Amino acid sequence: MKLTFLGSGGGRFSAISQRRMTGGFRIDNLGGKNYHVDPGPGALIRTYQFGFDPRNLSGVIVSHSHTDHYNDAEILIEAMTKGMTKRTGTIIGSESVLKGYEKWGPCISNYHKSKSDKLVLKPGFTNKLDNITIKGTKTTHGDPTGSGFQIDYNGFKLSYTSDTGYFDGLANEHKGADILIASVLRPGNKSINGHMCTRNFIDLINEVKPKVAVMTHLGLKMISSNPVTEAKKVSKVTGVKTIAAFDGLSFNVNYNNPKRFRLISLKDVQSSIHSTSHNLYESEKKNSYQLAFKHQEFDELSIIKNSKNQNSKFEG
């Protein structure tokens, strides 16, 4: 099995600014099957950029109805189904993603659901999928039907928290995980509603005791800090090898000894299929940082505060 992060950014403002990519991550060669998890904005482009083919997907997994998790799901479904000409693959998602729930979703149209099997992720419920089992895991987040998951492949368990605040019982949802992938939006001890910070992740790891832990879905404050330093702190406190995901991170998983792996930093393949200019991207990225500092947009709360101040000026 290979894990590849086509984006390590998360949260609406990371998605808007693209200071980190937001393409989610891929699980490849899991018993011969390939899955794309939470394909946010840019997932299709990043797939090609890092040398993958979206047409070889066996499934698309969307944990909840927020744009930074579902934005590119439909185009990946079109790729998976060969342009909606072949019935194949499975669409896995929360109730809101597939059916809609109150003001959330549905995020995938009936048309795009028509050529694939559907599987609703519900916390506490386990389903057979291809040659794996997948269990929905509880979250506390804006979308009340949102769900993380734990995949079991011949006794090897991969867990993904999705977006969630820390709560009593979260560790039980991911008990037995060999690899624990978590959305860790903020550094240090200051979490915000519906999201974990580094301190929360330490508590979770100490309870779950995975072989390997991965921090992803990093918010602006985490990105403006140093995710690698945060990961080292987690490793030191917990004794568990902890990785701060970065854009293009990839590694093969050894089922017998998950701790043994080599991190690979994938480069832009300059594929003729996509129009990404690496130089242009770097220039735009630099500009986004300059604008961020100019407007003092260092985290989600400062952006919201500045926006409110601007609105009050206009109203006055």
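Helices here are DSSP runs of H or I with at least four residues, numbered from the N terminus. The structure shown in every view is a predicted model.

**View 1. Helix 8 and the residue that follows it.** Under this numbering, helix 8 covers residues 198-208. Its buried residues are Thr198, Asn200, Phe201, Ile202, Leu204, Ile205 and Val208. Lys209 comes after helix 8 and has a positive phi, near 55°. Helix 8 is also among the elements that cover the buried residues of helix 10, which is the subject of the next view.

**View 2. Helix 10 and its surroundings.** Helix 10 comprises 12 residues, 227-238, and spans 16 Å from its first C-alpha to its last, close to the 16 Å expected at 1.5 Å a residue. Pro227, Glu230, Ala231, Val234 and Thr238 are its buried residues. Viewed down the helix axis, these buried residues fall within an arc of 100°, so they line one face of helix 10. Lys232 and Lys236 are exposed and sit on the face turned away from the buried side. The cover over the buried residues includes, besides helix 8, strand 13 (212-216), helix 9 (220-224) and strand 14 (241-244).

**View 3. The two ends of helix 10.** Just after the helix, Gly239 adopts a positive phi of about 80°.

**View 4. Thr139 in its loop.** Thr139 belongs to the loop that lies between strand 8 (132-138) and strand 9 (147-153). The relative accessibility of Thr139 is 10%, so it counts as buried, the cut-off being under 20%. Its side chain reaches the backbone oxygen of Gly146 at a distance of 3.0 Å. With neighbours within four places in sequence left aside, the contacts of Thr139 are Gly146, Ser147, Gly148, Thr161, Asp163, Thr164 and Phe167.

**View 5. Nonpolar cores.** The largest nonpolar core contains 31 residues, and those with the most contacts inside it are Leu3, Phe5, Ile27, Ile134, Ile181 and Phe251. Another core, of 22 residues, lies apart from it and has Leu170, Met196, Leu218 and Val240 among its members. Returning to Ile181, its contacts beyond four places in sequence are Leu3, Phe5, Phe25, Leu158, Ser159, Tyr160, Thr161, Val214 and Thr216.

**View 6. Strand 3 between its two partners.** Four of the five residues of strand 3 (residues 33-37) are buried, so the strand is largely enclosed by the rest of the structure. Strand 3 pairs with strand 2 (residues 25-30) in the antiparallel sense, over four bridges. In this pairing, Arg26 is opposite His36 of strand 3. Two residues separate the strands of this hairpin, and Gly31 in the turn has a positive phi of about 65°.

View 7. Eight strands, in the order 6-5-4-3-2-1-15-16, make up an open sheet with mixed pairing. At its edges stand strand 6 (117-121) and strand 16 (264-265); each has a single partner strand, so one side of each is left without a neighbour in the sheet.

Conventions
Residues are numbered from 1 along each chain as its sequence is written. This is a predicted model: local features need pLDDT of at least 70, side-chain atom pairs count only at pLDDT 80 or more; totals for chains, interfaces and linings use all residues. Side-chain values use heavy atoms; hydrogens and water are left out. The expected span of a helix is 1.5 Å times one less than its number of residues. Buried means under 20% relative accessible area, exposed over 50%, partly exposed in between (1.4 Å probe, protein chains only). The arc is that of the directions from the helix axis to the C-beta atoms. Contact means heavy atoms within 4.5 Å. A polar contact is a pair of N or O atoms within 3.5 Å; within protein, one must be able to donate a hydrogen and the other to accept it, and residues adjacent in sequence count only if both atoms are side-chain atoms. A nonpolar core is a set of buried Ala, Val, Leu, Ile, Met, Phe, Trp, Tyr and Cys residues joined through side-chain atoms within 4.5 Å. Two strands pair if DSSP finds at least two bridges between them.
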